[in-house]
Amino acid sequence: MRAIVYEKFQGPISLQNVADPTPKDHGVVVKVTATGLCRSDWHGWMGHDPDIELPHVPGHELAGTIAEVGKNVQNFKVGDRVTVPFVCGCGTCYECHSGNHQVCDHQTQPGFTHWGSFAEYVALDHADINLVKIPEEISDITAAILGCRFITSFRAVVDQGKVQGGQFVAVHGCGGVGLSAIMIANALGAEVIAVDINKDTLQLAKDLGASKIINASNHSGVVEEIKSLTRGGVHVSIDGLGSQTTCFNSIANLRKRGKHIQVGLMTDDHKHPNIPMDQVLANELEILGSHGMQAFRYPAMLEMIKSGKLQPEKLIEKTISLEQAAQELPLMNQFKNKGVTVINSF
């Protein structure tokens, strides 16, 4: 099969012909029809993920059609249109038994623990637990962008943040995950404040439901501005980027008993950020993470998409070919795009 491969962290990325994957007894092989280009893939290429073994094929947001089924798979068959959360649970550990597949003790992640979806085919494990059938109303391109950024934001806003209508929500960093969070929080009736450094991205954030926007590149008092706009701070704040500054601001702009949700990956020099612990204590703030979402939670999100309450297709800026992905991936930390890029030509 054709696949995007790198053999060295931060090294050349090339289109190669490599061996086709085979399914495990509990898994499937999916013919990929669309796959999202995510900043997590950039982190992997940089060498920030210890699970990756070289040479490597990235890619973890995907949609496609099942091409081959392992002998123990019961709920899926060849020809089914499917997607999958980027964290695949084992189904047998304590966390999976408690319903928390997104933090499975033995999780697999396409594009990290094994070769991913920047290829014509990808293997997925424990299919009966992790695969999600794509409704007819949702295109493969739209389904492909759900599996990382959108589901992580959905869990952050709905399950972790428990956002309600009338609340104030701040989103720091308006990449794919931040824009997803804005759309979801707005659909729930919250008043959303978007913070970013790119004016075009901020305009898109406004189009997707942000009531207020703040350009942090020319604004020295982001926290103070948010507290002024909300008369004391937001109820829920999301760091969608993952940096020392966005993490600190996201906690500092909360009102009493507010919730900070960390969604953006904290890597390299940002792994252990300074946080205003005095405010966490005095104001009884909550600090939570959001790491993907379980497959069994997809139906609630898919119903909102089918009804038109959520329109993730509006996040898509452009579609590209597999060849173009080799050039696009190393540039993801430049934040030049104002939406999501999807590979749909293999």
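The legends below accompany an overview and several close-up views of one predicted model.

**Basis of the views.** The model is predicted, and local features are therefore described only at pLDDT of at least 70 and side-chain atom pairs only at pLDDT 80 or more, whereas totals for chains, interfaces and linings use all residues. Residues are numbered from 1 along each chain as its sequence is written, and side-chain values use heavy atoms, with hydrogens and water left out.

**Figure 1. Overview of the chain and its secondary structure.** The chain holds 12 helices and 15 strands, where helices (H or I, at least four residues) and strands (E, at least two) are DSSP runs numbered from the N terminus. Its radius of gyration is 19 Å, close to the 20 Å that the globule rule gives for 346 residues, so the chain is as compact as a globular protein of that length; the radius is taken over C-alpha atoms, and the rule is 2.2 Å times the number of residues to the power 0.38. The C-alpha trace spans about 60 × 40 × 35 Å along its principal axes. Of the 346 residues, 55% are buried, a term that means under 20% relative accessible area, with exposed meaning over 50% and partly exposed the range in between (1.4 Å probe, protein chains only). Among contacts between residues at least 6 apart in sequence, 70% join residues at least 24 apart, a contact being heavy atoms within 4.5 Å. The chain exposes about 14,500 Å², of which carbon and sulfur atoms supply 48%; accessible areas come from the Shrake-Rupley method with a 1.4 Å probe, and for residues only the protein chains shown count as cover.

Figure 2. Helix α5 covers residues 146-160, and 14 of its 15 residues are buried. The C-alpha atoms at its ends are only 18 Å apart, short of the 21 Å that a straight helix would reach at 1.5 Å a residue, the expected span being 1.5 Å times one less than the number of residues. Ser153 and Pro330, 177 residues apart in sequence, are 24 Å apart in space, C-alpha to C-alpha. Arg155, also placed in α5, is buried with a relative accessible area of 10%. Residues up to four places away in sequence not being counted, Arg155 touches Asn100, Gln102, Gln160, Gly161, Ser290, Gly292, Met293 and Gln294.

Figure 3. Most residues other than glycine have a negative phi, and most peptide bonds are trans. The peptide bond from Leu54 to Pro55 is cis, with omega near -5°, and Pro55 lies in the loop between α1 (39-46) and β4 (61-69). Lys162, in the loop between α5 and β8, has a positive phi near 50°. Arg231, which lies in the loop between α8 and β11, has a positive phi near 55°, and this residue counts as exposed because its relative accessibility is 66%.

**Figure 4. Helix α9 and the elements that cover it.** In helix α9 (residues 244-252), the buried residues are Thr246, Cys247, Asn249, Ser250, Ile251 and Ala252. Their cover includes the strands β8 (168-172), β11 (234-239), β12 (254-262) and β13 (286-289), together with the helices α8 (222-229) and α10 (277-282).

**Figure 5. Leu288 in strand β13.** Leu288 lies in strand β13 and is partly exposed, with a relative accessible area of 25%. Apart from neighbours within four places in sequence, Leu288 is in contact with Gln160, Lys259, His260, Ile261 and Gln262. The C-alpha atoms of Leu288 and Gly240 are 13 Å apart in space, the two residues being 48 apart in sequence.

**Figure 6. Leu322 in helix α12.** Leu322 has its place in helix α12 (residues 322-328) and counts as buried because its relative accessibility is 0%. With neighbours within four places in sequence left aside, Leu322 is in contact with Arg2, Ala3, Ile4, Leu15, Phe118, Ala119, Ile343, Ser345 and Phe346. Glu120 is 202 residues from Leu322 along the chain, and the C-alpha atoms of these two residues are separated by 9.2 Å.
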